[in-house]
Amino acid sequence: MSEPTDNLQSLTSLTVLNATAALERGLAAIKAGQTVFDLRHVLTVDSVAVSVLLAWQRAASEAGVKLE
């Protein structure tokens with residue numbers, strides 16, 4: 001398992017207000033080889049969170065890795 005470059009621990013919400021930034025951070029982390037994301041501090045989500053997580057999953061799948 002790779003050492004996390006951006007495990008997104010600072011993320012406390014995943015909503016339409018920050019979805020683009022969160023998406024980009026996650027995609028960059030996956031591209032850098034990260035496969036583990038720590039979302040324990042996320043307290044607020046809306047439906048866009050599902051889209052972001054699915055996009056991360058697609059990117060990981062295309063890179064041939066499994067996200068945790």
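Colleague: What is the mean pLDDT of the protein?
Modeller: This is a predicted model, so confidence comes up at the start. Of the residues in the protein, 91% reach 70 or more. The mean pLDDT is 90.

Colleague: Which element has the highest confidence, and which the lowest?
Modeller: Strand S1, residues 13-14, is lowest, at a mean of 94. Helix H2, residues 48-62, reaches 97.

Colleague: How do the axes of H1 and H2 run: roughly parallel or roughly antiparallel?
Modeller: The two axes come within 10 Å. They cross at roughly 20°. Angles under 35 degrees count as roughly parallel. H1 and H2 are therefore roughly parallel.

Colleague: Which residues of H2 meet H1?
Modeller: From H1 come Ala19, Ala22, Leu23, Gly26, Leu27 and Ile30. On the H2 side they meet Val48, Val52, Ala55, Trp56, Ala59 and Ala60.

Colleague: How many residues has the largest nonpolar core?
Modeller: Leu11, Leu14, Ile30, Phe37, Trp56 and Leu67 have the most contacts inside this core. The core has 14 residues.

Colleague: Is isoleucine 30 buried or exposed?
Modeller: Isoleucine 30 lies in helix H1. Its relative accessibility is 7%. The cut-off for buried is under 20%. Isoleucine 30 therefore counts as buried.

Colleague: Which residues is isoleucine 30 in contact with, beyond its neighbours within four places in sequence?
Modeller: Valine 65 is 35 residues away along the chain, yet its C-alpha atom is separated from that of isoleucine 30 by 8.9 Å. The contacts of isoleucine 30, with those neighbours left aside, are Phe37, Trp56, Ala59, Ala60 and Leu67.

Colleague: What does leucine 67 contact, leaving aside its neighbours within four places in sequence?
Modeller: Leucine 67 is among the residues with the most contacts inside the largest nonpolar core. With those neighbours left aside, leucine 67 is in contact with Ile30, Gln34, Thr35, Phe37, Trp56, Gln57 and Ala60.

Colleague: Is leucine 17 buried or exposed?
Modeller: Leucine 17 sits in the loop between S1 and H1. Its relative accessible area is 80%. Exposed means over 50%. Leucine 17 is therefore exposed.

Colleague: How far apart in space are leucine 17 and valine 48?
Modeller: In sequence, the two are 31 residues apart. From C-alpha to C-alpha, leucine 17 and valine 48 are apart by 9.5 Å.

Notes:
Residues numbered from 1 in each chain as written. Predicted model: local features only at pLDDT ≥ 70, side-chain atom pairs only at ≥ 80, totals over all residues. Heavy atoms only, no water. pLDDT = per-residue confidence, 0-100. Helix = DSSP H or I, 4+ residues; strand = E, 2+ residues; numbered from the N terminus. Core = buried A, V, L, I, M, F, W, Y, C linked by side-chain atoms within 4.5 Å. Buried < 20%, exposed > 50% of the residue type's maximum accessible area, 1.4 Å probe, protein only. Contact = heavy atoms within 4.5 Å. Axes fitted to C-alpha atoms, helices over the stretch in contact; angles between N-to-C directions. Parallel < 35°, antiparallel > 145°, perpendicular 65-115°, else oblique.
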